[in-house]
Amino acid sequence: FATAAQATVVKMPLTKRDLTYEQTVAAIHQGAERWEARLDGGKDDPIVIDDYQNAQYYGEISVGTPGQKEMVIFDTGSANLWVPNTKPFLSQKNIYDHSKSSTYKKNGTTFAIQYGSGPVSGVFSADSVTIGDLKLQDYTFAEVDKTSGLGLGYRLGKFDGILGLGWDSISVGHVPTPMNALVQSGQLPEPVFAFYLGNKQPGELVFGGVDPKHYTGSFSFVPLSSESYWEINLDGVKLGSDSVSSTKSAIVDSGTSLLAGPKSEISKIATKLGAKSVLGREYVVDCSAKLPDLTFTLGGKDYTLKQADLILQASGSQCILGLTGLDVPPPRGPLWILGDVFMRKYYVQFDWGKKRLGFATAAQAQESSVVVI
């Protein structure tokens, strides 16, 4: 392996899937349900597999020798790598066939999670995994053969598997997480990764550092409050100049497309915005309305989202807000989820080594615009 001194930053292009108005509405429902399932009642084993049919950002890795291509969602809200070894009916998935890999090693331990409509299961195996120019030898991941719990959306989706970037405490089977393995391999100049989620352009995930062309100014850092999800203390939430939250915790999550907060707080914000709930989860507002800024205070610093940042899509005169209600019971909750709506405006550095999150204004963040369907 390379030493950290020899190592270079690795940049992974992320493809953004454009959603229709209907898919955006569906994504709001699924994103909230996913976190409620994960965190319900503070269970010890969080659910980390879910219906990602409307996930928007994914990239390419390879597994085995020679490498077998897999398109994965890089998800900071889970901590395992899994890829399919069976092609679901009428799907176009890239599957992993261990019989074609000279570096495959059998493990055989069952990997199983219950989600939504059914199970997701398979077995753990070990093989070479290549992420950009980074190579993990003999890495333990799951090859999945039953995906019914992911529903029809998985069969139709553009991704094959999930690469989790969360902490070891939420790893199913307690196997080393991808990021843990990358850090231990000595291939990263720094034990960090960073997401750029471009507006109207491809995103980028960087391992081993940050990409200066994707942010302006400097980073402000906030220490983690928990080594499970990427969770930090939330100092406050304001709509205009009014405080609208008493919640003290937030999770930054690349696998969630929007902002989620306690239902009572989201309802209060929606009322102030003149927004209407359509099916109980998503909120729409008249596109001609002038909306006040929504500001999150993290580590004593304000991070402001303007009207263009908050609107996901328009259909006629109705605009969908990137907000949804999510009630997580104690001890894990209540909390806010800061998903892609936040991460498009702010370039986020996930600092594994110093156990902190860094935020800087994303380059071109001011170019937010509404997609009219």
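# Close-up views of a predicted protein chain

**View A. Cys-319 is buried, with a relative accessibility of 3%.** Here buried means under 20% relative accessible area, exposed over 50% and partly exposed in between (1.4 Å probe, protein chains only). The model is predicted, with residues numbered from 1 along each chain as its sequence is written, and local features need pLDDT of at least 70. Side-chain atom pairs count only at pLDDT 80 or more, while totals for chains, interfaces and linings use all residues, and side-chain values use heavy atoms, without hydrogens or water.

**View B. A disulfide joins Cys-287 to Cys-319.** A search of the whole structure finds 1 disulfide (a pair of cysteine sulfur atoms within 2.5 Å). In the pair of Cys-287 and Cys-319, the distance from S to S is 2.1 Å. This link is right-handed, with 110° about the S-S bond. Helices (H or I, at least four residues) and strands (E, at least two) are DSSP runs, numbered from the N terminus.

**View C. The loop between β22 and β23 contains Pro-331 and Pro-334.** Strand β22 covers residues 318–325, and β23 covers 336–338. The peptide bond from Pro-330 to Pro-331 is cis, and its omega is near 5°. A cis peptide bond also leads from Gly-333 to Pro-334, with omega near -5°.

**View D. His-174 is a residue with positive phi, although it is not a glycine.** The phi angle of His-174 is about 55°. This histidine is found in the loop that runs between β8 (161–164) and α3 (178–184). His-174 is exposed, because its relative accessible area is 66%.

**View E. Lys-355 has a positive phi of about 55°, although it is not a glycine.** The residue lies in the loop between β24 (346–351) and β25 (356–362). Lys-355 counts as partly exposed, because its relative accessibility is 38%.

**View F. Leu-258 is buried, with 0% relative accessibility.** Its place is the loop between β15 (249–252) and β16 (259–261). Along the sequence, Leu-258 and Ile-311 are 53 residues apart. In space, the distance between them is 9.9 Å, taken from C-alpha to C-alpha.

**View G. The largest nonpolar core has 74 residues.** A nonpolar core is a set of buried Ala, Val, Leu, Ile, Met, Phe, Trp, Tyr and Cys residues joined through side-chain atoms within 4.5 Å. Phe-207 and Leu-259 are the residues with the most contacts inside the largest core. Another core, of 16 residues, lies apart from it and includes Tyr-58, Ile-113, Val-120 and Val-172. In soluble globular proteins, nonpolar side chains tend to be buried together.

**View H. The protein chain as a whole has 6 helices and 26 strands.** Of its 373 residues, 59% are buried. Among the contacts (heavy atoms within 4.5 Å) in the chain with a separation of 6 or more, 71% involve residues 24 or more positions apart.
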